[in-house]
Amino acid sequence: MDAQKQEQRSYWRWSKQDFFPEESFASCASYRTALSQTFPRLRDRILDRSTQSKELVELKKESENDMKRCLNWWDLMWLCFGSVVGSGIFVITGQEAHDHAGPAIVLSYAVSGLSALLSAFCYTEFAVEIPVAGGSFSYLRIELGDFIAFIAAGNILLEAIVGAAGLGRSWTSYFASMINDNPDFLRFRVEGLAEGFNLLDPLAVVVIVVANSIAMAGTKHTSCLNWISSVISAGIIVLIIAIGFSRGHVSNLVPFFPLGASGVFTAAAVVYWSYTGFDMVATMAEETKKPSRDIPIGLAGSMTVITVIYCLMALALTMMQKYTEIDPNAAYSVAFARIGMKWAKYVVSICALKGMTTSLLVGALGQARYMTQIARAHIIPPWFALVHPKTGTPINATLFITVLGSAVALFSSLDVLSSVFSFSTLLIFMLVAIALLVRRYYVKGETPKSDLRKFLASMFVIVASCIGGTALWRSNVGGWIGYVVAVVFWVLGTLGMQLLPQRRVPQLWGVPLVPYLPSLSIGTNIFLIGSLGTDAFWRFFICTAVMILYYLLVGLHATYDVARHMAQESKVEDGKGKVDHGLS
């Protein structure tokens, strides 16, 4: 009867019970009581770990309707391509080749690509084993606990919204540059607003709303539109590479290392952002027809191809022009113009516009699914977890993302948005690698305490050696001896972990060379975090402090009530089972 009533309920509903159904929020008195128990509840929840069955079965009931399993490896491959290959390759390559790496920018892309590929491997194993919409939020919740998962997912969701707003503003700038040399041509200045917030961008809002509306209409429709446009974009990229190699000169590659290894790694930290976005594809595992086959091909396979494409594009650019002559602002357009192909300016701009559009499309899918799983866990109101019965998409979550992204894009300039970028993505990638090692080497109730202590000691040595080596690099002191010591400790920590028995072996697809590849992923992500500016650290700490405050006031009490309710239901089911067994 209850199920029938639930089926008859309208998707569009707005009661308090839909937003705050937990006991702690039933009345002001119950909320005051909950606040008075904050610290005992925090002790109960802070290290509490979810389970696969809870993430895959129990929490999905909160959505009332299932997402449609409609994606295969072809869809995932092009979703990854559409999400990752945006405007970054056209903007960042020339800037970093000119300022830091020179022709060795190809090695910068290779180093960053390796780091991204290692993270993609970790995501792939989790997505195959736990094909759920939450992506890294669910993986971290199962292996590292509620609190860390919330802080990590909250930060990446915030960064994704800011990134979408940045893409919207960039879309306007690129489109305006095709009509007029002034990138602010289509924006409106409003006197009285603070600098950085006084150039209103309605076109960016329109682009975001259109992209997110397509995402709400259906996952398969979005995927088809994405792969058709991405195939065309891939063709243009192949043309750019072919022209670059045929009209380029090897002599332009000398000197190959104008600023040495320092320039290569400095550029690698910047161009890494050209690889971000594949984590959004992992959130669509719940809608994949055959995760064990489709996800490894679609995620790990596509990232390998993208790395090769980026390296070839970077090499083509530096062969066409001496690195000192590359235009940092419009590298490819200017390079083609100098060899008599002025029309290439429009081809590059169209390709960049397409890249930003598909990044917005896939980002809308991924951000909404992150939010859906967080809402299923009741860390945010479960109203955002509802899946529409006709479209099979989380419309409520997508609407919320659309409103936030549009508001930020309307007012905030690209300078303001770029200062907000943080190490959230790199932190998530590092935590997922740590979670993978926890998953392989620690199973509650099975792993002896002695092995757990050895595992934690090895993990501490790995992380500490990576932080130490990164600190030496950033401070530029200590010489090669310091780096050798850091590497030796990293090897010892990883070797110590390898000597421990693995308590869980993946059944379908697993990361090879464990613990070495996940440990290397931890190291590369820590190194790239250390290469970021001070603003990124401040942004992370401030936003994390706000999120902790929200968690203590709302999220903690909601999840505590849900966990207690589930525990009571489990006891009742166990009791019924015993009674039935006794009667039989």
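Colleague: Where is Leu-47 found?

Modeller: Leu-47 sits in the loop between helix H4 (38-45) and helix H5 (52-58). Please keep in mind that this is a predicted model.

Colleague: What makes Leu-47 buried or exposed?

Modeller: Its relative accessible area is 65%. Exposed means over 50%, so Leu-47 is exposed.

Colleague: Thanks! What makes Asp-48 and Arg-45 a salt bridge?

Modeller: Their side chains meet at 2.9 Å, N to O, and the cut-off is 4 Å between a side-chain nitrogen of Lys or Arg and a carboxyl oxygen of Asp or Glu. The pair therefore qualifies as a salt bridge. At 26% relative accessibility Asp-48 falls between the 20% and 50% limits, so Asp-48 counts as partly exposed. Arg-45, at 3%, counts as buried.

Colleague: Which residues are linked with them in a network of salt bridges?

Modeller: The network links Arg-45, Asp-48, Glu-55, Arg-141 and Asp-146. Within it, Arg-141 forms a salt bridge with Asp-146, and their closest N and O atoms are 2.5 Å apart. Both partners are buried: Arg-141 has a relative accessible area of 5%, and Asp-146 has 1%.

Colleague: How many salt bridges does the structure hold?

Modeller: There are 20 salt bridges in the structure. Another of them joins the side chains of Arg-503 and Asp-451 (2.8 Å, N to O). This pair links distant parts of the chain, 52 residues apart: Arg-503 is in the loop between helix H22 (479-498) and H23, and Asp-451 is in helix H21 (residues 449-475). Arg-503 is partly exposed at 29%, whereas Asp-451 is buried at 14%.

Colleague: Now the rings. Why is the pair of Tyr-11 and Trp-12 called edge-to-face?

Modeller: The ring centres are 4.9 Å apart and the planes stand at 90 degrees. Centres within 6.5 Å make a pair, and planes over 60 degrees apart count as edge-to-face, so Tyr-11 and Trp-12 are an edge-to-face pair. Tyr-11 is buried, with a relative accessible area of 9%, while Trp-12 is partly exposed at 40%.

Colleague: Which residues touch the most other members of the largest nonpolar core?

Modeller: Of its 162 residues, those are Phe-90, Tyr-123, Phe-278, Met-303 and Ile-522. H17 gives the most to this core, with 16 residues. Beyond its neighbours within four places in sequence, Met-303 is in contact with residues including Cys-80, Val-84 and Phe-278.

Colleague: What makes H6 mostly covered?

Modeller: Nine of its 12 residues are buried, among them Trp-78, Cys-80 and Val-84. The buried residues of H6 pack against helix H12 (219-247), helix H14 (278-282), helix H15 (291-320) and helix H17 (344-376). At the N-terminal end, Asn-72 caps H6, with a side-chain oxygen 3.1 Å from the backbone nitrogen of Trp-74.

Colleague: Why is helix H20 described as largely enclosed?

Modeller: 18 of the 18 residues of H20 are buried, so H20 is largely enclosed by the rest of the structure. Its length also agrees with expectation: at 1.5 Å a residue, residues 424-441 should span 26 Å, and the end C-alpha atoms are 26 Å apart.

Terms used
Residues numbered from 1 in each chain as written. Predicted model: local features only at pLDDT ≥ 70, side-chain atom pairs only at ≥ 80, totals over all residues. Heavy atoms only, no water. Buried < 20%, exposed > 50% of the residue type's maximum accessible area, 1.4 Å probe, protein only. Helix = DSSP H or I, 4+ residues; strand = E, 2+ residues; numbered from the N terminus. Contact = heavy atoms within 4.5 Å. Polar contact = N/O pair within 3.5 Å; in protein donor to acceptor, adjacent residues only side chain to side chain. Expected span 1.5 Å × (residues − 1). Core = buried A, V, L, I, M, F, W, Y, C linked by side-chain atoms within 4.5 Å. Phe/Tyr/Trp six-rings, centres within 6.5 Å; stacked < 30°, edge-to-face > 60°.
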